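Open your viewer and keep the sequence panel at hand. We will go from the whole fold to single side chains, one selection at a time.

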Amino acid sequence: MTALSHEFPEAWQSLDDDLLDAFLDLDTPEGFKAELIEGEIVVAQPPDGDHETAIGRIVWQIARQCPEGIDFAGGKGLIVPGGRYIPDGTFTVADAMAGRESWSKPVGVLMVLEVTSSRPQKDREAKRKGYATAGVPLYLLVDRQENKVLLHGDPRRGDYRAVHAVPVGEPLELPEPFGFALQTDRLH
């Protein structure tokens, strides 16, 4: 699987100018993150330890089992249709984020990772559709409230056409370029 590199129409970036300016001018407290999701500014408090542990365990597995050439970025701002999201993790082709500004289009992105927190519905729906519309090939969601891990793939027409879900504890097959079974037993 390769990352998409097509050109995005500028229309999907044209959020209400005042809202976008207000969002970009936010003075977010240290440790908090602000995202613009479906016309709403969402400010999230620092995540809990279980959230961060789940991310670390996924990153560790991917780093250990994937060939060189896949990079990881934590907290990288992505410009998607109708919003600006900060995924919990972004896996890219090598050097895809090098030299980029704080916010950039998801060119070179192979997979984004989200672990649910206080607003799981945003991760389940709005962010899923935003990533799909932007052409992000894979969306990995650890849904802690539902106790399952979902891998969305095959983005088309504003959503993912394929989804594979397993309960936490069962392995989840990641397609190439990852090409291994993600162990989910320690993602509680």
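## The whole chain

Of the contacts in the protein with a separation of 6 or more, 53% are between residues 24 or more positions apart; contact here means heavy atoms within 4.5 Å. What you have on screen is a predicted model, in which local features need pLDDT of at least 70 and side-chain atom pairs count only at pLDDT 80 or more, while totals for chains, interfaces and linings use all residues. Residues are numbered from 1 along each chain as its sequence is written, and side-chain values use heavy atoms, with hydrogens and water left out.

Switch to a cartoon view. The protein has 3 helices and 13 strands; these are DSSP runs numbered from the N terminus, with helices being H or I of at least four residues and strands E of at least two. Along the principal axes, the C-alpha trace spans about 45 × 35 × 30 Å. The radius of gyration is 16 Å, which agrees with the value near 16 Å for a compact globule of 188 residues. That radius is taken over C-alpha atoms, and the globule rule is 2.2 Å times the number of residues to the power 0.38.

Accessible areas come from the Shrake-Rupley method with a 1.4 Å probe, and for residues only the protein chains shown count as cover. Of the 188 residues, 46% count as buried: buried means under 20% relative accessible area, exposed over 50%, and partly exposed in between (1.4 Å probe, protein chains only).

## Stop 1: a nonpolar patch

Keep the surface on and select Leu26, Phe32 and Val43. Together they form a nonpolar surface patch with about 240 Å² of accessible area. Patches are made of residues with over 30% relative accessible area and no salt bridge, with nonpolar side chains (Val, Leu, Ile, Met, Phe, Trp, Tyr) joined within 5 Å and like charges within 9 Å. Leu26 sits in the loop between α1 (17-24) and β1 (33-37), and is partly exposed at a relative accessible area of 37%.

## Stop 2: salt bridges

Hide the surface and show the charged side chains. Side chains of opposite charge can pair when their charged atoms come close. The whole structure holds 12 salt bridges, each being a side-chain nitrogen of Lys or Arg within 4 Å of a carboxyl oxygen of Asp or Glu.

Start with Arg119 and Glu40, whose side chains meet in a salt bridge at 3.2 Å, N to O. Arg119 is in the loop between β8 (109-115) and α3, and Glu40 is in strand β2 (residues 40-44), so the pair ties together parts 79 residues apart in sequence. Arg119 is partly exposed at 38%, and Glu40 is partly exposed at 29%.

Next, pick Lys127 and Glu114, a salt bridge of 2.8 Å, N to O. This pair links Lys127 in helix α3 to Glu114 in strand β8, 13 residues apart.

Then select Asp159 and Arg128, with their closest N and O atoms 2.7 Å apart in a salt bridge. Here Asp159 in strand β11 (residues 159-167) is linked to Arg128 in helix α3, 31 residues apart. Asp159 is partly exposed at 22%, whereas Arg128 is buried at 15%. To finish this stop, select Glu35, Glu114, Asp123 and Lys127, which salt bridges with shared partners join into one network.

## Stop 3: aromatic rings

How many aromatic pairs does the whole structure contain? The search finds 6. Rings of Phe, Tyr and Trp (its six-membered ring) pair if their centres lie within 6.5 Å; planes under 30 degrees apart count as stacked, over 60 as edge-to-face and the rest as tilted.

Zoom in on Tyr85 and Tyr131: the ring centres are 5.4 Å apart and the planes at 90°, so the pair is edge-to-face. Tyr85 is in strand β5 (residues 83-85) and Tyr131 in helix α3 (residues 120-133), 46 residues apart. Both Tyr85 and Tyr131 are buried.

## Stop 4: His152

Select His152 in strand β10 (residues 148-156). His152 is buried at 9% relative accessibility. Beyond neighbours within four places in sequence, its contacts include Arg128, Tyr139 and Tyr160.
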